[in-house]
Amino acid sequence: MIDVDLDRVGIPIAWPELFARDAPTDVEIGSGKGKFLNELASARPDRNLLAVERSAKYHRLCCDRAARRGLENVRLIRTTGEDLLFRLLAEESVDTFFVLFSDPWPKKRHHKRRFFRPDNLAAMQRALAPEGRLLVKSDHDDYATVIGEVLGAASGFTAIDAEEAFADLPQTGFEQKYLVDGRTIHSFALRKQA
Ligand SMILES: C[S@@+](CC[C@H](N)C(=O)[O-])C[C@H]1O[C@@H](n2cnc3c(N)ncnc32)[C@H](O)[C@@H]1O
């Protein structure tokens, strides 16, 4: 079942139970309409891919697209990244986190809604397997500066070459639009220290 019913899975989630197989598992937070997720899942049938999306509309669209492609290595949960990090994930269980074009919340009074905060970084560090990676992109110059600061201050990570880390990965839906608009894309890649 692509659309995960949380009443029917054990928490913290065990990948062999969720995917009915044992394979390296990557997680996308905020998958939008699912272009990146579904293209990556098609290209890498050897990997499990889980995404969380808080919008019911996008979650449904993403599920439908994965089902139409017949993808057996995709699971989707309609929830927030925070719920995933603080309630659902087992420690040291994730190979790669993708957080791509996270909402910038440009108004100052909304900054507290931004995903890149020290507590979320610490939770991702705990959930990553040793040497697991966190890959991030943003088109928003001001938020990218903040992201760089939060990532730079997070303990237990080493920065790695972002161009290399993203080299074989699909573009996201937002990324395609932003590139047409000529916006600068800021990319970040970190590896969890062993
Ligand atoms: C700007 S869109 C980017 C979508 C996709 N990653 C892309 O690049 O095309 C941000 C997405 O993240 C979702 N989102 C925002 N905050 C979230 C959170 N805390 N947890 C899960 N999803 C979130 C939004 O609903 C939206 O679909």
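The model is a predicted one, in which local features need pLDDT of at least 70 and side-chain atom pairs count only at pLDDT 80 or more, while totals for chains, interfaces and linings use all residues. Residues are numbered from 1 along each chain as its sequence is written.

Arginine 65 belongs to helix H3, which covers residues 56-68; helices (H or I, at least four residues) and strands (E, at least two) are DSSP runs numbered from the N terminus. When neighbours within four places in sequence are left aside, arginine 65 is in contact with Gly34 and Asn38, a contact being a pair of C-beta atoms, placed from the backbone, within 7 Å. Lysine 33 is 32 residues away from arginine 65 in sequence, yet the C-alpha atoms of the two are 8.4 Å apart in space.

The strands come next. An open sheet of 7 strands has the order E3-E2-E1-E4-E5-E7-E6, with mixed pairing, where two strands pair if DSSP finds at least two bridges between them. Strand E3 (74-77) and E6 stand at the edges with a single partner strand each, so one side of each has no neighbour in the sheet. On average, neighbouring strands of this sheet are turned by 20° against each other, direction ignored; the axes are lines fitted to C-alpha atoms, for helices over the stretch in contact, and angles run from 0 to 180 degrees between N-to-C directions.

E1 and E2 run parallel and are joined by 5 bridges, and aspartate 26 has leucine 49 in E2 as its bridge partner. Strand E2 (residues 48-52) has 5 of its 5 residues buried, so it is largely enclosed by the rest of the structure. In a regular strand, side chains alternate between the two faces of the sheet. In E2, Asn48, Leu50 and Val52 are buried on one side, and Leu49 and Ala51 are buried on the other, so that both faces are covered.

Further along the sheet, strand E5 (residues 128-138) pairs with strand E7 (residues 186-192) in the antiparallel sense over 6 bridges, with leucine 135 opposite alanine 189 in E7. Strand E6 (residues 157-159) also runs antiparallel to E7, to which 3 bridges join it, and phenylalanine 157 stands opposite lysine 192 in E7. Helix H5 (residues 118-127) lies across E4, E5, E6 and E7 and runs at about 140° to E5.

The largest nonpolar core holds 43 residues, and Leu37 and Phe97 are those with the most contacts inside it; such a core is a set of buried Ala, Val, Leu, Ile, Met, Phe, Trp, Tyr and Cys residues joined through C-beta atoms within 7 Å. Strand E4 (residues 94-100) gives the most to this core, namely 5 residues. Beyond its neighbours within four places in sequence, phenylalanine 97 is in contact with Val27, Ile29, Met124, Leu128 and Leu134.

Some backbone details deserve a separate look. Most residues other than glycine have a negative phi, and most peptide bonds are trans. Isoleucine 11 and proline 12 are joined by a cis peptide bond, with omega about 0°, and proline 12 is found in the segment before helix H1 (15-19). Alanine 20, although not a glycine, has a positive phi of about 55°; this alanine lies in the loop between H1 and strand E1 (25-29) and, with 9 C-beta neighbours inside 10 Å, counts as exposed. Phenylalanine 101 likewise has a positive phi, near 60°, in the loop between E4 and H5, but with 21 C-beta neighbours inside 10 Å phenylalanine 101 counts as buried.

Definitions and conventions: A residue is buried if 20 or more other C-beta atoms lie within 10 Å of its own, exposed if 12 or fewer, and partly exposed in between; C-beta atoms are placed from the backbone. Two residues are in contact if their C-beta atoms, placed from the backbone, lie within 7 Å.
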